[in-house]
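Try each task before reading its solution.

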Amino acid sequence: YRMYKLIFLPDTVSCNTEILLLKCIKKPLTKNDKRKAAKLIKEGIDWNSFLDKACRSGVSAFIYSQLKEINFYAAVPDTIPTSLRNAYLAGIQKTHLLHNEFIRILKVFSDYEIPVIPLKGPLLSKRIYGDITYRGISTDFDLLVKEKDRNKALKLLKQTGYTLPESNTNRKWINQYFLTK
């Protein structure tokens with residue numbers, strides 16, 4: 001017996017949708033990127049899939065900004081930029097609240113002279129995209145502290161209103177803690 005592998009290529013519209021999403025998350029967009037994006041749109045885009053994937057991936061705010069820069073709204077159904085804009089505006093307030101809390105926690109650590117490295121969250125979004133709202137709404141932030149500062153850091157987080165749920169006793173990573181507020 002011989003085995004055969006069948007590979008199914010997605011249709012052009014599906015492929016164009018994926019490629020356009022990838023183009024839209026690139027920064028900065030070159031003139032060539034904008035031309036290619038416009039060509040993809042003319043060939044056909046599954047706009048419902050585009051919007052769904054942008055929102056599920058947490059990049060709708062960034063894509064909204066990029067679509068404005070590409071400036072081809074005439075070829076985009078009115079509902080798409082409106083939906084992306086609404087997602088962007090809804091995320092701004094939540095992101096700013098998280099960012100303010102993140103800055104507060106970093107300041108507390110600094111005040112107590114505990115070195116900390118933020119691993120993700122609004123600061124990373126600011127550094128990569130130039131805007132804390134572009135990466136979408138993060139529900140948490142990760143902090144890296146030295147092993148010698150672990151107990152001090154946990155105590156400090158508890159003093160600032162965070163709790164250590166019981167589920168942490170069965171955690172997979174011995175030095176990873178999930179605190180909630």
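**Exercise 1.** Is cysteine 15 buried, partly exposed or exposed?

*Solution.* This is a predicted model, and the relative accessibility of cysteine 15 comes to 32%. Buried requires under 20% and exposed over 50%, so cysteine 15 counts as partly exposed. Now try cysteine 24: its relative accessibility is 0%, and therefore it counts as buried. To finish with the cysteines, apply the disulfide rule, which asks for a pair of sulfur atoms within 2.5 Å. The count comes to 0 disulfides.

**Exercise 2.** Describe how helices α5 and α7 pack against each other.

*Solution.* Start with the geometry. Helix α5 spans residues 79-111 and helix α7 residues 150-159; their axes come within 11 Å and cross at roughly 130 degrees. That angle makes α5 oblique to α7, and the crossing is right-handed. Next, look at the side of each helix that takes part: α5 brings Ile105, Val108 and Phe109, which meet Ala153, Leu156 and Leu157 of α7. Sorted by class, this contact has 6 nonpolar residues, with no polar and no charged ones.

**Exercise 3.** What is the phi of glutamate 113, and where is this residue found?

*Solution.* Begin with the backbone: phi of glutamate 113 is near 55 degrees, a positive value in a residue other than glycine. For context, most residues other than glycine have a negative phi. Then locate glutamate 113: it is found in the loop between α5 and β1 (116-118). Finally, check the accessibility: at 68%, glutamate 113 counts as exposed, because the cut-off for exposed is over 50%.

How values were computed. Residues are numbered from 1 along each chain as its sequence is written. This is a predicted model: local features need pLDDT of at least 70, side-chain atom pairs count only at pLDDT 80 or more; totals for chains, interfaces and linings use all residues. Side-chain values use heavy atoms; hydrogens and water are left out. Buried means under 20% relative accessible area, exposed over 50%, partly exposed in between (1.4 Å probe, protein chains only). Axes are lines fitted to C-alpha atoms, for helices over the stretch in contact, and angles run from 0 to 180 degrees between N-to-C directions. Helices (H or I, at least four residues) and strands (E, at least two) are DSSP runs, numbered from the N terminus. Angles under 35 degrees count as roughly parallel, over 145 as roughly antiparallel, 65 to 115 as roughly perpendicular and the rest as oblique. A crossing is left-handed if the near helix is turned anticlockwise from the far one by less than a right angle, and right-handed if clockwise. Contact means heavy atoms within 4.5 Å. Ala, Val, Leu, Ile, Met, Phe, Trp, Tyr, Cys and Pro count as nonpolar, Asp, Glu, Lys and Arg as charged, and the others, Gly among them, as polar.
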